Amino acid sequence: MNEEIIILDFGGQYSQLIARRIRECSVYCEVHPYTLSAAEIKAKNPKGIIFTGGPNSVYGADSPQCDMAVYELGIPILGICYGAQLLAHQLGGRVETAPVSEYGKTEVEVFTDSVLFRKITGEKNLPARSGAVKTICWMSHTDYISQVPDGFTVTACTPVCPAAAMEHPEKRFYAVQFHPEVVHSKEGMKMLRTFLEDVCRCSGSWRMDSFVETAVADIRKKVGSGKVLCALSGGVDSSVAAVLLSKAVGKQLTCVFVDHGLLRKDEGDEVEAVFGPKGPYARNFIRVNAQDRFYEKLAGIEEPEQKRKVIGEEFIRVFEEEAKKIGTVDFLVQGTIYPDVIESGLGKSAVIKSHHNVGGLPDFVDFKEIIEPLRMLFKDEVRKAGLELGIPEHLVFRQPFPGPGLGIRIIGEVTPEKVRIVQEADAIYRQEVKNFGLDQKLNQYFAALSNMRSVGVMGDFRTYDYAVILRAVMTTDFMTAEIAELPWELIGKVTSRIVNEVKGVSRVLYDCTQKPPATIEFE
Ligand code: XMP
């Protein structure tokens, strides 16, 4: 990895977004806590440093501040929002509470003699020092820079901020009060690109193939002739991690896939087709068909948390039994991805995902070290790596599927019969969503089984069958979700197919509840 930007995180809500934007410019970057020392930064030899925003005031008693020696490294710095104020504060300028806060889309005048705004003013063919150009930027601040430090020039202003941006081109220090990384900053990407290309002199050579190549080489070096174990769920992250490992160490890798009988229709066979003996990766693949064990344990249990617990515990037990058969392994593979690492608190040890199908395993498997080959990638980058590795698209673009599987989409007691109903209904739903060309547009959609039976009529007979619930949501973070407004034609088609083709269903309902107050899953 020869070209890197270091992002120092001061607790801002957009820190991850800044990282996304930098990587969109094909430049590798890592987010680190603001406490990273100048020596540690120097050792990484980055092309540039970005200070993120944050909720504090620089003049507050416990305000987060970076190592002053960072300014002596000779490395370009871009400060954003709090990061901008910090530059001003630490280098001798003044920051105070603004007379009014600015929040949202704001008209900013950027000056034509600025380096950072060169791509904006340049496009308009304005000569340098000819004045200012207006652009829309996203603002979110209560403090502002009231006096820039010596050597800096003001390069942007708003009606509230006399110094909405400042720069010191000789030292290569730049600061913006607004958020160029937020999509509402119309020309924000141009600013970031200018910083990366013109100031940091990045060539923009970060590509997925180079990631795959480097990761494979790193894994080989680390694993040597050791044995590696991977708990494969069939989800995107564990699949990509498994293929990467397989590519790196071949037969030294063993994948264990537990079919708990709560997967979607044909899913177990699909995973086996890819990772099993007849698949393209044909490694040591162990499929444990533990359906009956799980159904037995779940019999009579209705309470959601109890169901989750039983599924999680049984999973660990099954996995532990298989791991014992394999004996001591040197490494355990985890599909941890970057957002998990960041959310866990920067700089601390890696989190083990709280998925029931991975979480807890380290306590039960005899191994020396964890390997997390995807810990620096965002979800869409994991998908790109998956495609690069030749993993089939249906696995790479799989929608999220919870560890406890259909167990939390069947309200009340789980029985094999209910599993069959929800599997069949869900398969029809997914097929029709795809036929309508919506499968890549919806963020998550599935069928669930209510515990409600109601009276219906089929031919001349009275029925008393279950109601299937269809759910479809739009979301980016899965913390909140909007309801997808599916076409009636689609709902009608799915409904008629389900009641006609799935025995035991007499009614189909559409869930119109947002998250919050409802969660995406039912239990
Ligand atoms: P909720 O239901 O909390 O779901 O709104 C948010 C997202 O998380 C997924 N989910 C899980 N994923 N293990 C997982 O791996 C779980 O136990 C689990 N529960 C919910 C859910 O599918 C949605 O994408």
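**Exercise 1. The ligand**

How far is an oxygen atom of the ligand from an N or O atom in the side chain of Glu521? Work out the ligand's surroundings.

*Solution.* The model is predicted, so a word on its terms comes first: local features need pLDDT of at least 70, side-chain atom pairs count only at pLDDT 80 or more, and totals for chains, interfaces and linings use all residues. Residues are numbered from 1 along each chain as its sequence is written, and side-chain values use heavy atoms, leaving out hydrogens and water.

Step 1. Take Glu521: the distance is 2.5 Å, from a ligand oxygen to an N or O atom of the side chain. This is a polar contact (a pair of N or O atoms within 3.5 Å).

Step 2. Turn to Gln444. An N or O atom in its side chain lies 2.7 Å from an oxygen atom of the ligand.

Step 3. Check the cover. On its own the ligand has 490 Å² of accessible area (Shrake-Rupley method, 1.4 Å probe). The protein covers 78% of that area.

Step 4. List the shell. The ligand is surrounded by 12 residues (a heavy atom within 4 Å). The closest are Arg308, Gln444, Lys515, Ile520 and Glu521.

Step 5. Sort the shell. It holds 5 nonpolar, 4 polar and 3 charged residues. Asp, Glu, Lys and Arg count as charged; Ala, Val, Leu, Ile, Met, Phe, Trp, Tyr, Cys and Pro as nonpolar; the others, Gly among them, as polar.

**Exercise 2. The mixed sheet**

In what order do the 9 strands of the open sheet stand?

*Solution.* Step 1. Read the order: β2-β1-β3-β4-β9-β8-β7-β5-β6, with mixed pairing. Strands are DSSP runs of E, at least two residues; helices are runs of H or I, at least four. Strands pair if DSSP finds at least two bridges between them.

Step 1. Find the edges. β2 (28–33) and β6 (132–147) each have a single partner strand, so one side of each lacks a neighbour in the sheet.

Step 2. Pick one pair. β5 (residues 94–111) and β7 (residues 153–157) run antiparallel and are joined by 2 bridges. Glu109 has Cys157 in β7 as its bridge partner.

**Exercise 3. The parallel sheet**

*Solution.* Step 1. The sheet is open, with 5 strands and parallel pairing.

Step 1. β12 (284–289) and β14 (369–371) are the edges; each has a single partner strand, so one side of each is left without a neighbour in the sheet.

Step 2. The twist averages 25° from one strand to the next.

Step 3. 6 bridges join β11 (residues 253–259) to β12. Val258 stands opposite Val288 in β12.

**Exercise 4. Backbone exceptions**

Where does Cys81 lie, and what is its phi?

*Solution.* Step 1. Recall the background: most residues other than glycine have a negative phi, and most peptide bonds are trans.

Step 1. Cys81 lies in the loop between β4 and α3. Its phi is positive, about 55°, although Cys81 is not a glycine.

Step 2. Now the peptide bonds. Lys515 and Pro516 are joined by a cis bond, omega about -20°. The bond from Pro516 to Pro517 is cis too, with omega near 10°. Pro516 lies in the segment after β18 (505–510).

Methods
Polar contact = N/O pair within 3.5 Å; in protein donor to acceptor, adjacent residues only side chain to side chain. Axes fitted to C-alpha atoms, helices over the stretch in contact; angles between N-to-C directions.
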